[in-house]
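Thank you all for coming. Please have the sequence and the model open beside you, and follow along as we go from one element to the next.

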Amino acid sequence: MIQKKICMVGAFAVGKTSLVTRFVQSIFSDKYLTTVGVKIDKKPIKIGDVDVTLVLWDLAGEDELSKMRMSYMRGASGYLLVVDGTRPTTLDTAINLQKKVDEFFGKEVPFVLLLNKNDLTSEWCLGDAEIEELAGKRWTAIKTSAKTGEGIEKAFLTLTQMIVGE
Amino acid sequence: MSDTPTPDNSKNLQEDALSEDKLAEIRTLIIGPEQAQLGKLQERLDNSEMLAKDVSRALPKAVILRASQDKKFVTALTPTIEEVLKSSIKRDPKTLVSALFPVMGPAIRKAVTETLRIMLQSLNQALEKSLSWDGLKWRLEAIRTGKSFAEVVILQSLLYRVEQIFLIHKETGLLLQHVVGEDIAFQDADMVSGMLTAIQDFVHDSFDAQSEETIETIQMGERTVWVTQGTEVVLAAAIRGTAPEVLRSVFQEALENTLLEQGEALESFDGDTVPFEKSRYLLEACLQARYKTKKQKSSPFLWVLLGIIIIAFGTWGFFSVRNHLRWSDYLKKIDTERGIVVTDTGKRDGQYFISGLRDPLAVDPVTLLRGSKLDSEKVISYWESYYSLHPDFIVLRAKKILRPPETVSLELKDSVLYATGQASHQWIAQARYLAQFIPGITEIRGNDLSDIDLKKLITSKDWIENQSLRFTGGSTRLMAGQSDTLCALVKEIKEFQDIARLLDKHFYIEIRGHTDNTGAEERNLLLSRERAEIIRFALIEEGLKVINYKTTGVSSREPLRKDATEKDREYNRRVSFNITLADIPTTEGN
């Protein structure tokens, strides 16, 4: 059996926790996020014939007041970088975080960018230009919605494929 | 440049060769012996056969030396030996089976015995707890918490128990291996493993600890997590209760052995946890537990039981003693009773028994038993009949057999029964006869015993002899009113005859005829005879048998009165009776 540690990172209140709540096995409550700064969940996934268990470290969001604990990233095989599509600043935070992670690991670590809250079309602020710019960076971006469940399974699958296919 | 040597060159070469030879000679002289030795050593090292010989000499000592240092040699050899065993079994399982056969039998037996023993022990414990106050408390707790009773019992009597062992990859926090004790509820180990790592990181970061410093213990109530750090892995043990510090060395050793076994797998670890399955046994050895030794505190139920037993014994003792006292009283009482001889007493199968001899006239032992308040069903009596020769009993027996009338009293003196008072002739005769058969009586004496029938006979005789039937002058005709006297006489004579017959007496009744002194003597004699005859006939006519009767005429020779007046003559003209009893017995008993 293959196990992989992956992290959920992103700015504060981008919906990281809501995004996975319905899709993972969990035993810990959300209060760990505000106390310890991390909550561990589990997501079994199947890539072809291989069973992979993703041990999901949901890290507390980063904002002006609190920085993400990078030590929690140690040993991660990849991560989901979450952005709130209705708040453009969260993309900046994500770009910064990605840099910090690469710096922390000293190498490029597989990740998938999740453009969350895709159901809130009226409030959506991310323009195509910004997305294309990311595509230019060869980032994999997936639009997701915690409300509808859109893109979430795909995100896990894509990231796992990236990790296992490394 | 040309390859052809010039004369100069050739000279130089010759010199060089010469110096080379000299150098070789010098070398041989200086380090010749060492060189030879080195050559030999090289040869030994190159020659595998010689090398094997050398190693074989040192191997046993080396093995002992290494094994005494630590267990690494064992751990290193284990995979090889396992492979050897596997290959041997694959090739020919019989060899190993034959080798193991003598060991397997006893081993299986031991395992079965051990399992049974544990089962019995837990059954005992469960039973014991079920009946105690603690048991009741724990049963309530089991209901309240929804745990099984067995689980509550185990938790309450636990000193410590290693419930779970996590082997965690240090870098990723991924769970490499997880072992759990039996019947222990646990959360998803993968997530717990991650969180445990996260918390360690959190603490480490939060308190700016040095990188070597790590969490060793996490304590929460009666649960503790002991963390043993290795180079690439962490061994976390979840313990319930208070474990001894010595347990840390157990974990340390397990961790070291795992590292030794899994060195390669850890180096190339990429999320695949399958290879670590092999080291599971090392972790399982860490699942140790110790339970409280049984306290000698006895349960209240035991006291109640003891109380019941004491009361039961007390009651039993009380009744037993009381019965014994009653039994003794009964024996004393029966011992004083006349006509009863006790030959054996005792107690058998919870019942008293008594046996002996008893005169039928003695008091009934059953009556005595009733009086003693002993449960008659608990006493077995066996009485053989006998005749007691105690004077009281002889008299009693005599009374029972002889049935004397109330007018007779009996007394025994020196085996002679003295009868006093009055009794019928028949009884006296019967008593004389029966007395000889009564044990303890040699004879019966009735000196002071009067025969009522004999008395009556005499009285009757006297009465008859005092009567006279008067006749009119010069005739054989009875005077008026004399027929009543005749009637009374007939009745009396009949009775007399009956009594005489009863008493076996012979009698003669003489009917004597009398005349007055008037008239001629001859005539008077005749008249007197006739008068006697007349009466005899009259008696016959009245139905009397007159076998022993005699009639006599005595004329006027036996006047009743002097023939002075007519009145006197009237008295003298009569018939009188004279009775003779043959062999009149005296009243003497003999």
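In which sense do strand β1 (residues 158–169) of chain B and strand β6 (residues 289–291) of chain B pair, and over how many bridges? They pair in the antiparallel sense, over three bridges, and L158(B) is the residue that stands opposite Y291(B) in β6(B).

Before I go further, a word on conventions: this is a predicted model, in which local features need pLDDT of at least 70 and side-chain atom pairs count only at pLDDT 80 or more, while totals for chains, interfaces and linings use all residues. Residues are numbered from 1 along each chain as its sequence is written, and chains are lettered from A and ligands numbered from 1 in the order in which they are written.

When I say helix or strand, I mean a DSSP run, numbered from the N terminus, with at least four residues of H or I for a helix and at least two of E for a strand. Two strands are said to pair if DSSP finds at least two bridges between them. In general, the strands of a sheet pair through backbone hydrogen bonds, either parallel or antiparallel.

Let us stay with β1(B), which is also joined to strand β5 (residues 233–241) of chain B by nine bridges, the two running antiparallel; here V162(B) has I239(B) as its bridge partner in β5(B). Strand β2 (residues 175–180) of chain B is joined to β1(B) by five bridges, again antiparallel, and Q164(B) has V180(B) as its bridge partner in β2(B). The hairpin of β1(B) and β2(B) has five residues between the strands, and in it G173(B) takes a positive phi near 75°.

Further along chain B there is an open sheet of three strands in the order β7-β8-β9, with mixed pairing. Why is one side of β7 (340–348) and of β9 (379–385) of chain B left without a neighbour in the sheet? These two strands stand at the edges, each with a single partner strand, so one side of each has no neighbour there. On average, neighbouring strands of this sheet are turned by 15° against each other, direction ignored. Between β7(B) and strand β8 (residues 351–358) of chain B the pairing is antiparallel over eight bridges, and K347(B) stands opposite Y352(B) in β8(B).

Now to the helices of chain B. Helix α10 (residues 300–336) and helix α11 (residues 365–372) of chain B have axes that come within 10 Å and cross at roughly 145°; axes here are lines fitted to C-alpha atoms, for helices over the stretch in contact, and angles run from 0 to 180 degrees between N-to-C directions. Two residues are in contact if their C-beta atoms, placed from the backbone, lie within 7 Å. By that rule, R326(B), D329(B), Y330(B), K333(B) and I334(B) of α10(B) meet P365(B), L368(B), L369(B) and S372(B) of α11(B).

A second pair is helix α14 (residues 452–466) and helix α15 (residues 482–502) of chain B, whose axes come within 9 Å and cross at roughly 145°. Among the residues of α14(B) that meet α15(B) are L457(B), W463(B) and I464(B), and their counterparts in α15(B) include I493(B) and F496(B).

Finally, chain A, whose secondary structure comes to five helices and seven strands. The seven strands form an open sheet in the order β2-β3-β4-β1-β5-β6-β7, with mixed pairing. Strand β1 (residues 2–10) and strand β4 (residues 50–59) of chain A run parallel and are joined by seven bridges, and in β4(A) the bridge partner of M8(A) is D58(A). Helix α7 (residues 189–206) of chain B packs on this sheet, touching β1, β3 and β4 of chain A, and its direction makes about 140° with that of β3(A). The contact between the two chains takes 19 residues from chain B and 23 residues from chain A.
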